Structure formats: structure tokens, C-alpha cells
Amino acid sequence: MTPLLELKTLQVGYGESLVLQDLSLSVNEGEIVCLLGANGAGKTTTTRAISGLIAPRSGEIRFAGKDITTLPGHERVTRGICLSPEGRQVFPNFTVHENLLIGSYNPAARQRRVEKLEEVYGLFPRLAERRKQKAGLMSGGEQQMLAIGRALMGCPRLLVLDEPSLGLAPKIIIDLYETIATIARQGLSILFVEQNVQAALLIADRGYVIANGHIAAAGSSADLSKAEFVQEAFLGKK
Ligand code: ATP
């Protein structure tokens with residue numbers, strides 16, 4: 001089976017520094033895959049490369065069987081790669097509703113706006129209640145829901161989430177993760193970046209660990225949570 005997303009020996013960097021030196025991973029249709037790693041390991045850089053926000057120096061990115069390595073970001077959205085970025089980056093002076101509409105700017109998604117809005121408001125009733133509120137006045141958890149909702153408005157086949165749990169209280173993280181699992185059950189593929197390894201491995205089917213610019217460990221969530229390297233580095237066990 002051809003994976004939905006495939007990164008092959010990617011090299012990505014900024015200026016003179018090479019952050020990803022040889023990164024390969026894949027996401028199959030319908031899977032939830034997590035990307036783990038310490039601060040500065042290159043997780044966000046990976047999501048930027050997938051979304052077309054930074055060009056790899058070498059290597060290949062394939063999506064739905066096609067080479068998209070040089071495809072501009074907006075065309076990747078049209079093909080079904082939608083990102084909920086690090087730090088949420090909602091538009092603070094726009095309402096919740098307006099932020100969601102921005103997610104469906106591409107023509108294909110615009111046609112499905114009404115249906116998608118209903119879906120997002122169904123998944124996140126809090127957003128429906130606050131639809132007229134300025135996004136900047138929402139709580140951290142609500143802004144995270146909004147960032148995910150905005151990505152869903154683009155009609156993704158692959159949803160890329162950069163640290164959805166960052167800065168949220170444990171109870172909110174559990175609720176948010178349950179919703180992410182619900183989204184996946186509806187047939188979407190999800191690649192998400194996390195530092196909260198314990199929570200991530202609860203909902204992911206598989207995971208990858210980035211260290212030193214490449215994949216240092218990979219496997220099913222069950223295998224990764226048992227791996228000595230992951231236990232020592234991320235789960236505080238010796
Ligand atoms: P964190 O969990 O702390 O967000 P991360 O794994 O997502 O970390 P990245 O944000 O991808 O890591 O950063 C990887 C490395 O690239 C870091 O050393 C960072 O300082 C550097 N870096 C990130 N963005 C830029 C940039 N725009 N210009 C220069 N260096 C950058």
C-alpha cells in the first residue's frame with residue numbers, strides 16, 4: 001500500500017544550520033502518527049517542510065503517490081494537507097467564525113463551507129457558543145480548538161498538528177485528544193507533534209522520535225512506550 005505521506009531522506013535547515021539531516025517517515029491512510037523529540041529536535045521544522053513553508057535542501061516529499069517536494073504551500077492545502085501550526089496563530093481580532101472561514105479559502109473547500117462549519121461546530125460545541133467572540137479573547141484551549149477547526153475547514157486528507165497540547169491543563173488535553181481521535185475515526189489521517197509523550201502515545205497508532213536530525217526510534221505506540229530509550233528520555237523512567 002502506498003503511504004498517504006512519505007518523507008524520504010529529507011535535509012532541511014536554516015542558513016548554515018542543518019536541522020533535519022536525513023529524515024524519513026510515512027503516514028498511512030487513516031493512521032494517527034506522532035512525532036516526538038526534545039526541544040529543538042526539529043519537529044516544527046518537519047511540519048513546515050510538509051506544509052511547504054520551508055523548502056528542503058534535498059530529499060523528497062510524496063503525498064497520495066505524487067511528488068510534492070517543490071509544490072507551493074497553498075497547493076498542498078488544495079491537495080489535502082492542512083496544518084494547525086505551533087502557537088495556534090489564530091487571528092486575534094477576527095471572530096471565531098471569521099477565523100474558521102479563513103481556513104476554507106481555497107475554491108474546493110469554499111464549496112463545502114456550510115457542511116464543514118457544521119462539522120467543526122459539532123466537534124467543538126464551545127466554538128459554536130463563542131462564534132461571535134474575538135479569537136484573541138478565547139482561552140488557550142479554545143484557541144487550540146479553533147486552530148484545529150480552521151485546519152479542518154480546508155477539507156484535509158492529512159491533518160498536521162503542531163503541539164496541540166502546549167500550555168493546556170491536563171483535563172483539557174484529555175478532552176482535546178479524545179476529539180482528535182474522533183476526527184481520525186471519521187477517516188482522516190493525522191500527523192501530530194508532541195512533547196507530551198505519554199498523552200501522545202495514548203492516541204497514536206505509531207510514533208517516530210527525532211534526535212540529531214534523523215529518526216532515532218520508530219514503532220507502534222505500545223512498542224515505543226516500552227522502549228528503554230523513550231522511557232529514559234521522555235517518560236522520566238530509569
Ligand atoms: P520545540 O519542541 O522546542 O518547539 P522543535 O523540535 O519543534 O522544538 P524546531 O522548532 O523545528 O524544533 O527547531 C529546530 C532547530 O531549528 C532549533 O535549533 C531552532 O533554534 C532552529 N530554528 C527553528 N526555526 C528557525 C528559523 N526560522 N531560523 C533559524 N533557526 C531556526
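**Ligand site and pockets**

In this model, Gln195 puts a polar side-chain atom 2.7 Å from an oxygen atom of the ligand. Keep in mind that the model is predicted.

Stay with the ligand. Thr45 also has a polar side-chain atom by a ligand oxygen, at 2.5 Å. Ala41 uses its backbone instead: an N or O atom there lies 3.1 Å from an oxygen atom of the ligand. On its own, the ligand has 630 Å² of accessible area, and the protein covers 60% of that.

Now the pockets. The largest has a volume of about 510 Å³. Its lining counts 23 residues; nearest the centre are Leu53, Val77, Leu83, Pro85 and Arg150. Which elements each give at least two residues to that lining? Helix H1 (43–51), helix H2 (73–79), strand E6 (81–84) and helix H7 (140–153).

Next, the second largest pocket. That one holds about 220 Å³. Its lining has 13 residues, with Phe124, Arg126, Met145, Ile172 and Asp175 closest to the centre. Two or more residues come from each of helix H6 (125–129), H7 and helix H8 (170–185). H8 gives the most, 4 residues. Here the lining has 7 nonpolar, 3 polar and 3 charged residues.

Technical notes: Residues are numbered from 1 along each chain as its sequence is written. This is a predicted model: local features need pLDDT of at least 70, side-chain atom pairs count only at pLDDT 80 or more; totals for chains, interfaces and linings use all residues. Side-chain values use heavy atoms; hydrogens and water are left out. On a 1 Å grid over the protein atoms alone, a cavity is a set of points where a 1.4 Å probe fits but cannot get out, and a pocket is an open set with protein on both sides within 12 Å along at least five of seven lines; lining residues have an atom within 4 Å of a point. Grid points are joined across faces, edges and corners, and a volume is the space filled by probe spheres set on the points. Ala, Val, Leu, Ile, Met, Phe, Trp, Tyr, Cys and Pro count as nonpolar, Asp, Glu, Lys and Arg as charged, and the others, Gly among them, as polar. A polar contact is a pair of N or O atoms within 3.5 Å; within protein, one must be able to donate a hydrogen and the other to accept it, and residues adjacent in sequence count only if both atoms are side-chain atoms. Accessible areas come from the Shrake-Rupley method with a 1.4 Å probe; for residues, only the protein chains shown count as cover.
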